[in-house]
Amino acid sequence: MIHADVTELDALKFYREVQMSQKLWHGQDAATVASDLAGALDLWRGPALAGMRDVPLIGAASQRLDRQYLAVAEDWAEAELAAGGAIGAVDRIIDLAVQYPFRERLRLLQMTALAQAGRRSEALAVYDELRQLLARELGLTPGEPVVRLYQSLLRDEEAASLRPLPCPAVRCTLPWDLPAFVGRVECVRHLKSALNGDISSLAVITGPVGAGKTALAVHTAHAVGDDFPDGRYFVRLRGSDGAPRRTDEVLAELIGAVDRSRCHAPGTYASQFWQHWLTTHRALVVLDDARSEAELQPLIPGAGRSAVIITARRSIGGLLPAIRVRVACLSMAEALDLLRRLIGARRVALDYQAARRLVSATGLLPLGVRLVAERLTQLRHVPLREYAARIDDESGLLEELTAADSSIRIRLAEAIGDLPEAARRALPRLSRLPERWFTLAEAAAALEADDRATVRILEALLEANVVSTPDLEAAAGAVMYEMEILSRAFAREVESPA
């Protein structure tokens with residue numbers, strides 16, 4: 001074992017300088033804080049532990065160092081702007097934003113620096129770039145602080161008065177509520193009951209790709225904001241590439257939102273601190289796109305008055321006594337209402353039957369209706385009946401939805417990739433059945449398997465929300481199964497029957 005002190009190891013020196021500057025930050029000495037943090041950042045000569053990251057232990061340590069570097073870089077930028085040093089800092093902030101394009105706090109600082117440096121048009125362009133990136137890659141909109149700064153820039157407020165919101169003041173990291181949220185009345189009522197502690201303080205929302213799980217969770221979280229004085233927090237459990245995020249990374253994001261001074265805590269302590277914080281506060285946390293109970297346990301309070309909403313594509317065992325809400329398609333009336341709100345009531349009324357064909361072709365899925373509407377707003381010259389003909393075929397639907405959101409195929413691939421092997425191999429064969437609706441006998445014939453093996457496969461697909469059944473009790477042989485339209489289209493597109 002090697003024992004090193006601050007004078008011998010640059011990482012220790014980095015930590016010491018950061019801790020000293022954070023104490024100054026509480027005293028509002030922005031110029032000194034910026035100078036000290038700049039000195040700490042100057043200790044870095046490139047990526048930490050470069051050339052050794054392939055070793056698992058070193059790779060994990062290097063990722064922690066990367067996160068610490070980024071958090072300190074943001075603190076430096078905030079202090080530099082507070083001290084009036086935007087002109088000298090703007091290029092360095094832009095370089096950081098290019099490296100971490102999804103980091104909204106960094107984009108907020110980038111916009112502020114550009115505005116203070118007299119480059120307001122470039123600051124506005126940063127917002128538009130971020131908005132398109134989040135919509136295309138994650139299906140989300142920029143957070144409220146970024147939007148508020150953008151609106152200030154549009155009003156041409158004095159650049160010197162524009163300041164990013166300080167990190168310790170964060171009380172809401174939810175994405176914006178969708179402006180055209182329809183339906184789900186009973187789901188929202190059930191969730192509110194859970195979050196208020198009438199039944200449970202833990203709710204799990206499941207459903208297929210495109211059913212609007214995240215939209216429902218965010219809408220409900222906004223609706224109950226006054227009930228959670230200690231904040232509402234949103235975190236994604238998968239990265240932009242679809243891979244699960246590390247638990248320590250998720251904890252660092254959550255803890256950083258509630259207490260910036262603790263966001264670099266080591267793994268075991270981080271989990272203990274987060275659990276204790278939830279137990280002693282009343283906050284609402286949305287954990288988006290979960291995969292398993294194991295990744296959730298360190299993030300969920302064991303007691304107290306905080307509440308958690310979890311979204312997942314498949315059922316997650318354990319988590320008792322959670323309230324479970326499954327979402328699927330909208331009703332025809334709700335889907336048409338959503339289409340009216342997005343493309344205008346007059347356009348729907350001019351060809352009502354074509355509008356019905358459009359929403360039916362999407363399987364009445366909220367995401368499908370939204371993306372079709374987005375395409376229609378771009379193609380205002382195309383009549384609804386002509387566009388409906390394009391998407392009547394499932395392959396045409398997938399092409400059109402992908403044109404509006406290129407991440408659709410990625411999300412479908414993730415959903416199918418999460419299936420057990422037997423169900424994953426069976427899906428292409430089931431997708432080749434003439435209709436989306438089929439019986440157990442038809443499924444067994446397509447899979448060339450006996451009823452018992454077929455039931456196990458269908459139950460795995462039901463659990464993953466790739467297949468659905470009516471909410472009625474019936475013997476397996478009498479059940480009518482339905483394959484979700486997007487999963488069916490994707491399975492038919494990318495694979496042939498084995």
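Predicted model: local features only at pLDDT ≥ 70, side-chain atom pairs only at ≥ 80, totals over all residues.

Trainee: Over how many bridges do β6 and β8 pair?
Mentor: Phe438 stands opposite Tyr481 in β8, and Phe438 itself lies in strand β6 (residues 437-439). The two strands, β6 and β8, pair in the antiparallel sense, and the number of bridges is three.

Trainee: Is the aromatic pair of Phe438 and Tyr481 stacked or edge-to-face?
Mentor: The ring centres of Phe438 and Tyr481 are 5.9 Å apart, with 20 degrees between the planes. Planes under 30 degrees apart count as stacked, so the pair of Phe438 and Tyr481 is stacked.

Trainee: Are Phe438 and Tyr481 buried or exposed?
Mentor: Phe438 has a relative accessible area of 1%, and Tyr481 has 5% relative accessibility. Because buried means under 20% relative accessible area, Phe438 counts as buried, and Tyr481 likewise counts as buried.

Trainee: How many residues apart in sequence are the parts that the pair of Tyr233 and Trp277 ties together?
Mentor: Tyr233 and Trp277 form an edge-to-face pair, 6.1 Å centre to centre and with 75 degrees between the planes, and both residues are buried. Tyr233 lies in strand β2 (residues 232-236) and Trp277 in helix α11 (residues 267-280), so the pair ties together parts whose separation in sequence is 44 residues.

Trainee: Over which ring does the charged end of Arg436 sit?
Mentor: The charged end of Arg436 is 5.0 Å from the centre of the ring in question.

Trainee: Which residues have the most contacts inside the largest nonpolar core?
Mentor: The largest nonpolar core has 88 residues, and its largest share, six residues, comes from helix α16 (residues 366-378). Leaving aside neighbours within four places in sequence, Leu461 is in contact with residues including Leu419, Ala423 and Val466. The residues with the most contacts inside this core are Leu216 and Leu461.

Key
Residues numbered from 1 in each chain as written. Heavy atoms only, no water. Core = buried A, V, L, I, M, F, W, Y, C linked by side-chain atoms within 4.5 Å. Buried < 20%, exposed > 50% of the residue type's maximum accessible area, 1.4 Å probe, protein only. Helix = DSSP H or I, 4+ residues; strand = E, 2+ residues; numbered from the N terminus. Contact = heavy atoms within 4.5 Å. Phe/Tyr/Trp six-rings, centres within 6.5 Å; stacked < 30°, edge-to-face > 60°. Lys NZ or Arg CZ within 6 Å of the ring centre and 35° of its normal. Pairing = 2+ DSSP bridges.
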